Amino acid sequence: MPTVHLLDYVAGNIRSLVNAINQVGYEVEWIRSPEDVKNADKLILPGVGHFGHCLSQLEKGGFLGPIREHIDSGKPFMGICVGLQALFQGSEEDNDVPGLGVIPEVIRKFNDDSKSVPHIGWNSAMNTGSETFWGLRPSSKYYYVHSYAAPYTPGALEKDGWSVATATYGEEEFIGAISRGNVFGAQFHPEKSGTAGLRVIRAFLNGDQFQSPGEIDASKANGLTRRVIACLDVRTNDSGDLVVTKGDQYDVREKSGEEGGNVRNLGKPVEMAKKYYEQGADEVTFLNITSFRNSPVADTPMLEILRRTSETVFVPLTIGGGIKDTVDPDGTHIPALDVATMYFKSGADKVSVGSDSVFAAMDYYNAGEKLSGKTAIETISQAYGKQAVVVSVDPKRVYVDKPEDTPHHTFKTQFPNASGQSYCWYQCTVMGGRETRDLDVWQLVRAVEAMGAGEILLNCIDKDGSNSGFDLELINDVKAAIKIPVIASSGAGVPAHFSEVFNKTTTDAALGAGMFHRGEYTVTQVKDHLQTDGFLVRQFESEI
């Protein structure tokens, strides 16, 4: 197969990009030294994380000069995410570190007054000219995850020969992709953008730059779509096999009339993830609910699940469970950052921190709201960027007669309990919901936001397995506390529950599990329902 050179200079999920390149018929050769750049024909510069860190790493490694020479020579160059931002003059993310200066503009932070930051999800790349470039289609959606972007000024770059495709987030229009001659940059991640992204990668590698834009489907208009996420709880069953399971308020055993029924076996993780991808799931989340205590971290079965899944599933993959400082059976201490690194190298795009975030938040408040710099959230966020860190929250409702009865954040609920108590607060739990802590959900989400978490996976123990719909009061309460995106979880039983949560809350995404696993509804049916109700969604594209 023909080859493309890839420069892996910072931490990130490179495996997915390699898999995507292989999928469209190319092999990858790695750039190991500045001298290797000179031998490259087609060069791809991926990137995740902090602009200043990425550019500093390139400079320290001696790569900036050879990259400029590669671009100046007319050889094909593609920059992805921070790799695109590197083409610009600089970024507000780090004003002291210059970019390559190929594009004389500055990357700026999103105005976060009216929307969640980071911008996470499926958005457009709408060409501003008469032709589309590098396989982009007006009707397709692409996966973005970033806090900084290049604002778009009509005509400013086009007059210098640049072709530009834009996306909008709130009221802000920004550059989603840009191209001139041999240079192409995408703010979105094509390797995580399903078939639409594979089409972009193939067009770039094959040199198919311009196409007619065709007709724009008004039902797939410009803007951020509603994200529908499929979640798979994975654990070993009583025979020792890894299975997807689902519990009722976190109890995953069958109700057989006896205590301790068998673990529910709803399918195999890799096969089910591929099925949901082909149904149009915008992301797939694996929650490891088995500790694998007798297995070295490097041999954790979840790593193989990620490796195999990322070969055929080209949407973001999140892994949760066990993301913490740990000790191998031989006594070796492994920091949380190293655990996360293993998952990222195996194909994960995000890691989800659970119980460890509760303990970290309690320490944060005990220290007078001071950051230690040593928590799992802080160390992973600093290395990989906040967009790579999700915090999974497992709260349960506690009723009180009046707000003065507790020091915790309360609100008046529309659903009093049997005793007539109409005020409540949400208590955080650990150990899969088995233990509670003296910490409320507002305290937790505000603490982890300060630590650098990029997203909240908001579960609800009271709703788990109920099929009665999401806890709308909890979601709105948490959304009022923080600016980072929130994924609504727990309680979805029918497609209408997704419309309800998007209608009645400002959640950024919604997650389903049991209703998909049991075959009651498909992701496609949920998205069709949302589209019928007037929501903008991404539909799966089967052909590259």
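Residues are numbered from 1 along each chain as its sequence is written, and side-chain values use heavy atoms, with hydrogens and water left out. In this predicted model, local features need pLDDT of at least 70 and side-chain atom pairs count only at pLDDT 80 or more, while totals for chains, interfaces and linings use all residues.

Trainee: How much space lies in the second largest pocket?

Mentor: A pocket is an open set of points on a 1 Å grid over the protein atoms alone, with protein on both sides within 12 Å along at least five of seven lines, whereas a cavity is a set where a 1.4 Å probe fits but cannot get out; lining residues have an atom within 4 Å of a point. Grid points are joined across faces, edges and corners, and the volume is the space filled by probe spheres set on the points. For the second largest pocket this space is about 430 Å³.

Trainee: Which residues lining the second largest pocket are the closest to its centre?

Mentor: The lining divides into 6 nonpolar, 7 polar and 7 charged residues, where Ala, Val, Leu, Ile, Met, Phe, Trp, Tyr, Cys and Pro count as nonpolar, Asp, Glu, Lys and Arg as charged, and the others, Gly among them, as polar. Of the 20 lining residues, the closest to the centre are Tyr169, Leu224, Thr506, Thr507 and Asp508.

Trainee: Which residue of S14 stands opposite Ala177?

Mentor: Two strands pair if DSSP finds at least two bridges between them. Strand S12 (residues 163–169) runs antiparallel to S13 (residues 172–180) with 7 bridges, and Ala165 has Ala177 as its bridge partner in S13. S13 is also joined by 4 bridges to the antiparallel strand S14 (residues 183–186), where the residue opposite Ala177 is Ala186.

Trainee: Which residue takes a positive phi near 60° in the hairpin of S13 and S14?

Mentor: In the hairpin of S12 and S13, with 2 residues between the strands, Gly170 takes a positive phi near 65°. The hairpin of S13 and S14 has 2 residues between its strands, and the positive phi near 60° belongs to Gly181.

Trainee: Why is one side of S5 and of S11 left without a neighbour in the sheet?

Mentor: The open sheet has 3 strands in the order S5-S6-S11, with mixed pairing. S5 runs parallel to S6 (residues 103–109) through 3 bridges. Strands S5 (88–91) and S11 (148–149) stand at the edges, so one side of each lacks a neighbour because each has a single partner strand.

Trainee: Is Pro335 buried or exposed, or does it lie in between?

Mentor: Pro335 is found in the loop between S21 (333–334) and H9. Not counting residues up to four places away in sequence, Pro335 touches Lys324 and Asp325, contact meaning heavy atoms within 4.5 Å. Buried means under 20% relative accessible area and exposed over 50%, with partly exposed in between (1.4 Å probe, protein chains only). At 30% relative accessibility, Pro335 therefore counts as partly exposed.
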